[in-house]
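The following briefing concerns a predicted model.

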Amino acid sequence: MRILLVEDEYLLREQVQQQLSSHGYAVDCASDGEEALFLGEENDYDAAIIDLGLPKLDGVSVIERLRQQHRQFPILILTARVSWQDKVKGLEVGADDYLVKPFHPEELRARIHALIRRSNGHSQSLLTFGPISIDTLSKQVESKGQPIELTQFEYNTLEYLVLHSQQVISKTTLTEHLYQQDFDRDSNVIEVFITRLRKKLDPDGSLKPIATVRGLGYRFTLQEGA
Amino acid sequence: MKNTASSLPSISRRLLLASVIVLPLFLLLTGWLLNGAMKRSLLLSQQAQLQANTYQILSAAEWDNGELWMPEVLPEARFQQIDSGLYGIISSENQLLWRSESSSMLATNTLLPELAPFAINQRQFLHRDNRFIFSFDVSWQLDENVRPLRIILFQSDHGFVAELAVFQGELWRWLTSMALFLTLAQYAVLRWGLSPLTRLAREVRALQQGKIANLSHNYPKEIQPVATNVNTLIANQQQQQQRFQHALADLAHSLKTPLAIIHGELSQQASSSASSMDKNQALEQQLQRMDQIIQHQLQRANRGTHSLSAQRIVLKPVIERITQALTKLYYQRGIEVVIDVDEQSFFHGREDDLMEVLGNIIDNAFKYTRSKVLVRVKSSPYKVSIEVIDDGKGIDTAYIEHIVQRGVRIDTLQPGQGIGLAVVQDIMLSYQGEFAIKANTDHGTCAQLIFNLPHSDEPINY
């Protein structure tokens with residue numbers, strides 16, 4: 001999943017970016033409101049974390065303008081401001097959640113995770129597709145009750161596909177959501193991830209969880225709860 | 001504390017009181033002077049008339065063989081009418097030489113009053129015994145002798161008294177009417193003249209009650225500087241408050257961001273090493289304590305009470321904003337929200353204080369409720385009561401007092417800073433309001449806030 005992180009304090013920004021990256025998120029960073037607005041308008045993020053006290057353009061204005069541009073990804077406000085007036089104002093202009101500094105990194109990850117899951121229509125963190133179950137909180141995958149070892153990028157690819165199950169996801173889209181902005185991307189590596197996932201999830205080929213839609217992309221075919 | 005201002009008379013009362021004392025005195029003096037002038041005028045007129053009558057008598061007098069002869073009919077007809085009120089005599093050396101026919105019924109001794117001794121051309125005019133007395137002393141040349149003559153005229157003062165009485169009656173009637181009219185006119189002029197002050201007082205009260213943000217600019221030039229200065233004071237106070245709030249926000253940001261970084265570093269160390277986790281626990285606790293102290297004290301410093309920035313805030317929109325925001329935050333739980341608020345119910349104070357109180361109370365209800373949150377407002381002329389009720393498991397009564405102490409949380413599994421209700425307590429105290437939590441483990445919790453409203457029904461009139 002690709003996250004936009006907007007925080008003007010360098011050390012904190014680096015810290016949060018590192019914490020999120022270590023849990024498999026691709027993180028694009030901005031240090032002021034104008035840069036945040038530009039990145040938010042240009043890229044399709046899975047979620048954004050925005051500080052309110054930003055230079056050049058404040059966080060509330062950034063959120064307001066992103067929503068006016070119909071950017072619908074979930075937004076979590078991360079700020080030192082604790083007043084209810086600020087909280088309500090932030091939520092009214094379009095934020096979806098609010099976290100006050102200082103915060104537990106685990107709480108931040110859990111909230112971002114919940115926001116992404118809910119924005120894709122999944123109310124629970126444990127997703128079940130027939131014999132395959134995916135715990136999006138602990139990032140554990142099982143098939144027929146047996147744990148399956150996946151690399152971080154394999155898991156991220158699988159998670160994106162299952163959260164957008166029944167949708168056709170192009171290689172480009174997958175690439176954009178798995179890597180941060182400045183990463184040197186190679187779309188062929190997606191094919192490698194897909195191949196590996198098919199082998200690990202469906203060794204005997206009976207399930208066919210990931211279908212290739214020629215010329216368009218990939219689709220996770222299993223029904224949730226089935 | 002007794003209002004000492006009410007024991008001092010108002011400006012209009014002072015002016016009216018002064019005029020009620022001064023005006024009658026002035027009118028009394030005027031009446032007395034006019035009365036005196038009228039009397040003198042009448043007396044002069046009387047004297048002049050008697051003098052003229054005297055000259056008539058003198059011109060009619062003749063001497064025949066040394067004896068005074070007067071015609072039977074004198075030009076002044078009243079001398080011929082018995083008891084006409086006008087009587088004339090001529091005497092010489094205290095001997096009565098002639099008396100008018102009108103005096104025929106009077107005793108002779110009444111016709112020779114005591115007067116000053118004879119002196120040629122002496123005129124005497126007296127008013128006594130209900131009559132005017134005019135005497136004229138002449139010497140009449142008779143051949144070689146000179147005869148001293150005193151002509152005395154008597155005029156009843158009834159006419160004079162009656163005329164004076166009529167005048168006095170008219171005078172005092174008109175003066176009294178003028179006094180009443182002037183008093184009323186003065187009262188009306190005072191009311192009109194002081195109306196800008198009345199309007200100023202009403203506007204200041206409306207300002208205090210939050211009905212207006214500034215005083216108007218169309219006052220007379222004597223008062224406009226007061227209104228202008230009050231508006232300047234309000235603007236300065238608001239700017240100062242804004243600067244203060246911005247400074248507090250910057251301070252919060254400056255303190256909390258480094259705390260967040262330290263927090264993050266400790267978390268990373270804890271995740272990398274089990275031994276670090278134990279060591280860092282004490283640091284974590286102190287960090288949390290620092291954060292709570294910062295949060296609490298910054299919020300306390302930002303609290304305002306009854307200042308010129310207090311406003312009249314309708315409650316329903318504020319409650320709806322907060323419940324909608326919380327519904328978004330607690331979306332997954334599908335909590336039903338019921339708002340029972342009159343459209344007219346309002347709060348008098350600062351909006352950020354109201355939002356802080358309601359935000360914390362309603363957030364607690366959302367956290368601990370099972371399925372439903374009810375917000376109910378009841379208003380009376382001087383108080384407004386806000387109840388927030390949830391249907392959660394309730395709070396043990398033994399811990400209710402503990403809740404309002406900063407830093408104590410009953411349910412440690414719930415996210416939150418733990419100082420929300422202590423902040424509510426602080427704000428309610430600053431507004432001299434009441435805050436109560438009624439709990440029942442079976443039926444959920446009811447948090448009640450009661451605010452006082454300003455009294456607006458005292459009339460302002462000067």
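Over all chains, the structure holds 19 salt bridges, a salt bridge being a side-chain nitrogen of Lys or Arg within 4 Å of a carboxyl oxygen of Asp or Glu. One of them joins the side chains of Arg2(A) and Asp28(A), at 2.7 Å from N to O. Because Arg2(A) lies in strand β1 of chain A and Asp28(A) in strand β2 of chain A, the pair ties together parts that are 26 residues apart in sequence. Helices (H or I, at least four residues) and strands (E, at least two) are DSSP runs, numbered from the N terminus.

This is a predicted model, in which local features need pLDDT of at least 70 and side-chain atom pairs count only at pLDDT 80 or more, while totals for chains, interfaces and linings use all residues; side-chain values use heavy atoms, with hydrogens and water left out. Residues are numbered from 1 along each chain as its sequence is written, and chains are lettered from A and ligands numbered from 1 in the order in which they are written.

**Interface between chain B and chain A**

- In chain B, 33 residues are in contact with 35 residues of chain A, contact meaning heavy atoms within 4.5 Å.
- About 2800 Å² is buried between the two chains, and carbon and sulfur atoms give 60% of that area. Buried area is the accessible area (1.4 Å probe) that two parts lose on being put together, summed over both.
- Arg321(B) forms a salt bridge with Glu92(A), and the closest N and O atoms are 2.5 Å apart.
- Between chain B and chain A, 9 residue pairs are in polar contact, both residues at pLDDT 80 or more. A polar contact is a pair of N or O atoms within 3.5 Å; within protein, one must be able to donate a hydrogen and the other to accept it, and residues adjacent in sequence count only if both atoms are side-chain atoms.
- On the side of chain B that touches chain A, the elements giving two or more residues are α3 (224–272), α4 (274–301), α5 (315–329) and α6 (351–368) of chain B. The largest share of that side, 12 residues, comes from α3(B).
- The residues of this side of chain B divide into 11 nonpolar, 12 polar and 10 charged. Ala, Val, Leu, Ile, Met, Phe, Trp, Tyr, Cys and Pro count as nonpolar, Asp, Glu, Lys and Arg as charged, and the others, Gly among them, as polar.

**Parallel sheet of chain A**

- An open sheet of 5 strands has the order β2-β1-β3-β4-β5 in chain A, with parallel pairing. Two strands pair if DSSP finds at least two bridges between them.
- The edge strands of this sheet are β2 (26–30) and β5 (97–100) of chain A, each pairing on one side only.
- From one strand to the next, the twist averages 20 degrees. Axes are lines fitted to C-alpha atoms, for helices over the stretch in contact, and angles run from 0 to 180 degrees between N-to-C directions.
- Strand β1 (residues 2–6) of chain A pairs with β2(A) in the parallel sense over 5 bridges; Val6(A) has Ala30(A) as its bridge partner in β2(A).
- Helix α5 (residues 105–119) of chain A packs on the sheet and touches β1, β3 (47–50), β4 (75–79) and β5 of chain A. The direction of this helix makes about 175 degrees with that of β5(A).

**Antiparallel sheet of chain B**

- The open sheet of chain B has 5 strands in the order β4-β3-β7-β6-β5, with antiparallel pairing.
- Its edge strands are β4 (95–99) and β5 (123–128) of chain B, each pairing on one side only.
- The twist of this sheet averages 25 degrees from one strand to the next.
- Strands β6 (residues 131–142) and β7 (residues 145–156) of chain B run antiparallel and are joined by 12 bridges; Phe134(B) stands opposite Leu153(B) in β7(B).

**Local backbone features**

- Lys101(A) and Pro102(A) are joined by a cis peptide bond, with omega about -10 degrees. Pro102(A) lies in the loop between β5 and α5 of chain A.
- Asn65(B), a residue other than glycine, has a positive phi near 50 degrees.
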